[in-house]
Amino acid sequence: MNDTLLEIRGLKKYFPFRGGFLSGERGTIRAVNGVDLEILRGETLGLVGESGCGKTTLGRLIMRLEEPTDGSIRFAGEDILTRKGAALKGYRRMVQMIFQDPYSSLNPRKTAGGIISEPLRIHYPEWREKRKAKMTELMAVVGLDEEQMTRYPHEFSGGQRQRIGIARALILNPRLIIADEPVSALDVSIQAQILNLMKRLQQDLALTYLFITHDLGVVRHMSDRIAVMYLGKIVELGAGEAVCERPAHPYTRALISAVPVIDPMSRNKRTILTGEMPSPAAPPSGCSFHPRCPFRIEVCDRQEPILRQQNPGHWVACHRDI
Amino acid sequence: MNTVLEITDLRTHFDTERGIVRAVDGVDLKAVSGQTLGVVGESGCGKTVLALSIMRLVPSPPGRIAGGSVLLNGRELLDLSPEEMRHVRGREISMIFQEPMTSLNPVFRIGEQIAEVMQLHQNLSRREALACSVEMLRKVGISSPETRVKDYPHQMSGGMRQRVMIAIALACRPRLMLADEPTTALDVTIQAQMLDLIGRLQSETGTSVILITHDLGVIAEATRDVAVMYAGQIVECSPTRELFSAPLHPYTVGLMGSMPGLGGSTGRNALLSVIPGTVPSLCNIPTGCRFKDRCPDIFSTCREKEPVMTENSTGHFVRCWKYGDYR
């Protein structure tokens with residue numbers, strides 16, 4: 001299972017923006033600012049970070065819903081950024097996405113069956129007869145009743161809608177699923193149902209997941225490896241257990257200590273970060289975390305740390321050996 | 001231990017085309033002065049309507065408080081005239097809402113929004129109130145408050161806006177603050193700052209807090225007592241430590257099992273325990289126990305009779321036929 005399915009090198013995405021009202025100043029939002037990442041076949045890679053860190057943009061770049069400013073993305077060894085037309089369509093058959101909001105990501109004027117089978121209509125228009133059989137098969141796989149196929153999205157609960165979204169993503173037999181906050185909008189008891197479903201599907205269908213979330217509990221539960229993102233960069237990458245139990249980057253430490261512990265007996269003294277994430281339009285010099293870092297040393301505001309391997313498989317972008 | 005707020009058999013119903021929605025259906029609750037009481041439940045369980053009922057802010061029609069009593073320091077809030085109630089809100093009870101984006105007025109400077117409460121309730125002049133609002137901003141940890149009072153809400157981040165909301169809520173040192181999902185829209189690191197701030201200000205001012213949330217982690221971290229709400233009712237109520245060490249109600253047990261934690265439950269094949277099914281519709285409440293269709297421990301009584309709240313051990317109440325001699 002140790003071969004690379006997706007390889008990202010030096011990926012950047014800058015969004016230009018105009019300044020204040022009428023002033024016309026220009027600037028750039030560095031949403032993704034130099035990311036190197038590999039997704040291994042069959043694994044779940046958790047991508048965790050706070051809002052505005054660029055994790056959603058990274059997911060959209062992989063889907064080619066955004067064009068990168070710089071860098072390369074290779075899928076199964078092949079460059080996908082140069083693909084166009086039919087070749088790009090072929091790539092999209094192999095990579096599918098599950099979205100955060102099950103309320104706005106389903107077309108309200110289509111039936112559940114129509115939504116689930118739409119990818120087939122686009123990618124395999126010749127399959128007219130097989131389409132319905134495949135759709136009912138997928139509905140059963142994600143735990144929906146066949147008779148619900150004529151219903152519209154508003155007739156379903158949040159959890160059921162997310163099941164529709166999952167069925168739609170799976171109907172083309174993709175190899176990589178990019179799940180962008182798939183359970184954030186759901187209640188805990190429903191969230192558990194969806195997480196279990198995703199784990200089961202991964203085993204049955206040999207799927208690879210890029211699981212994007214801000215919830216550290218969810219990411220720990222789901223992921224084999226975890227990448228922590230801050231201000232457009234990966235600051236720590238390693239096995240799920242290592243990152244959560246022995247976090248090395250000061251940001252990861254603060255992030256983990258900020259998560260409320262489900263045990264009132266062990267209310268530990270937390271490292272509470274001061275301040276907020278700086279704007280990606282004007283990232284700080286040197287290490288982008290240095291203004292909030294309790295461990296900063298003199299070099300931090302001058303030189304940008306590179307991601308280096310501290311222990312086998314555990315990468316950290318920090319000047320210090322903590 | 002003084003009780004600051006005592007709710008008895010509160011019922012808030014909404015008249016809709018599909019029938020009466022019993023959003024709050026017989027809630028009993030006590031908040032101890034100077035402490036934090038947590039109310040936890042999933043969406044649609046009635047926890048926000050409970051808070052709005054205490055504030056008497058339920059939109060009417062279609063909503064109405066159908067019965068019960070809400071005593072604030074022994075005074076019945078449900079009998080007050082709208083005029084009297086206006087003096088209670090902001091001065092004696094205040095509220096912070098989930099959305100710091102939408103609960104501030106976008107066309108007023110934040111200094112004026114904090115000052116407004118003090119001008120209304122403490123008869124301060126505009127100038128005095130503005131000076132106090134600088135002080136309040138300093139207290140909630142906003143840097144350079146002298147210049148920040150002149151900002152408009154859109155110039156601040158989500159975390160700062162929630163700090164401003166807390167400043168408004170605590171400006172008149174109310175006896176009780178209702179916080180409805182105060183950290184849900186915020187990132188974890190900002191959430192930690194916020195819970196820390198609420199706790200610190202609370203010990204300074206002696207305000208009691210009712211913290212409404214869906215997040216058991218926040219409950220464990222920030223409350224002394226907790227009430228678990230399900231389908232319009234409190235199903236379990238106990239000191240927080242006891243709820244987590246020995247949960248009684250099958251719903252509470254299920255909720256805790258379905259939380260993915262940072263600790264265990266990680267192996268590739270580890271599954272979360274799941275509460276099957278979904279919450280019953282509040283306009284068509286089944287007979288018997290409201291949790292019966294999702295409960296792993298169901299027996300015959302559950303189908304016929306609605307369980308009553310019983311004290312299982314001192315201070316630990318549960319609404320379930322499993323406990324007591326009914327079985």
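Predicted model: local features only at pLDDT ≥ 70, side-chain atom pairs only at ≥ 80, totals over all residues.
## Ile177(A) and strand E7(A)

Ile177(A) sits in strand E7 of chain A, residues 176-180. This isoleucine counts as buried because it has 23 C-beta neighbours inside 10 Å.

Once neighbours within four places in sequence are left aside, Ile177(A) is in contact with Gln96(A), Ile98(A), Ala169(A), Leu207(A) and Tyr209(A). Ala112(A) lies 65 residues from Ile177(A) in sequence and 20 Å away in space, C-alpha to C-alpha.

## Helix H1(A)

Helix H1 of chain A runs over residues 55-62 and is mostly covered, with 7 of its 8 residues buried. The buried positions are Lys55(A), Thr56(A), Thr57(A), Leu58(A), Gly59(A), Leu61(A) and Ile62(A). After H1(A) comes Arg64(A), which has a positive phi near 60 degrees.

## Helix packing in chain A

Helix H3 (residues 112-123) and helix H5 (residues 158-170) of chain A have axes 7 Å apart and pack at an angle of about 25 degrees. The two helices, H3(A) and H5(A), are therefore roughly parallel to each other, as angles under 35 degrees count as such. The crossing of H3(A) with H5(A) is right-handed.

On the H3(A) side the contact is made by Ala112(A), Ile115(A), Ile116(A), Glu118(A) and Pro119(A), and on the H5(A) side by Ile164(A), Ala167(A) and Arg168(A). By type, the residues of this contact are 6 nonpolar and 2 charged, with no polar ones.

## Helix packing in chain B

In chain B, the axes of helix H3 (residues 110-122) and H6(B) come within 8 Å and cross at roughly 20 degrees. H3(B) and H6(B) are therefore roughly parallel to each other, and their crossing is right-handed.

H3(B) brings Ile110(B), Gln113(B), Ile114(B) and Val117(B) to the contact, while H6(B) brings Val164(B), Ala167(B) and Ile168(B). The contact of H3(B) with H6(B) consists of 6 nonpolar residues and 1 polar residue, with no charged ones.

## The nonpolar core

The largest nonpolar core has 187 residues, and the members that touch the most others are Leu210(A), Val228(A), Ala167(B) and Ile210(B). Helix H6 of chain B (residues 158-170) gives the most to this core, namely 8 residues. Ala167(B) also takes part in the contact between H3(B) and H6(B).

Not counting residues up to four places away in sequence, Val228(A) touches Val48(A), Gly49(A), Ile234(A), Val235(A), Glu236(A), Val243(A), His249(A), Tyr251(A) and Thr252(A).

## The interface between the chains

Contacts between the chains involve 35 residues of chain B and 36 residues of chain A. On the side of chain B that touches chain A, the elements giving two or more residues are helix H7 (188-205), helix H8 (216-222), helix H9 (240-245) and helix H10 (250-257) of chain B. H7(B) supplies the largest share of that side, 7 residues.

The residues on the side of chain B that touches chain A divide into 15 nonpolar, 15 polar and 5 charged.

Notes
Residues numbered from 1 in each chain as written. Chains lettered and ligands numbered in written order. Core = buried A, V, L, I, M, F, W, Y, C linked by C-beta atoms within 7 Å. Buried ≥ 20, exposed ≤ 12 C-beta atoms within 10 Å, placed from the backbone. Helix = DSSP H or I, 4+ residues; strand = E, 2+ residues; numbered from the N terminus. Contact = placed C-beta atoms within 7 Å. Axes fitted to C-alpha atoms, helices over the stretch in contact; angles between N-to-C directions. Parallel < 35°, antiparallel > 145°, perpendicular 65-115°, else oblique. Left-handed = near helix turned anticlockwise from the far one by under 90°. Nonpolar A, V, L, I, M, F, W, Y, C, P; charged D, E, K, R; others polar.
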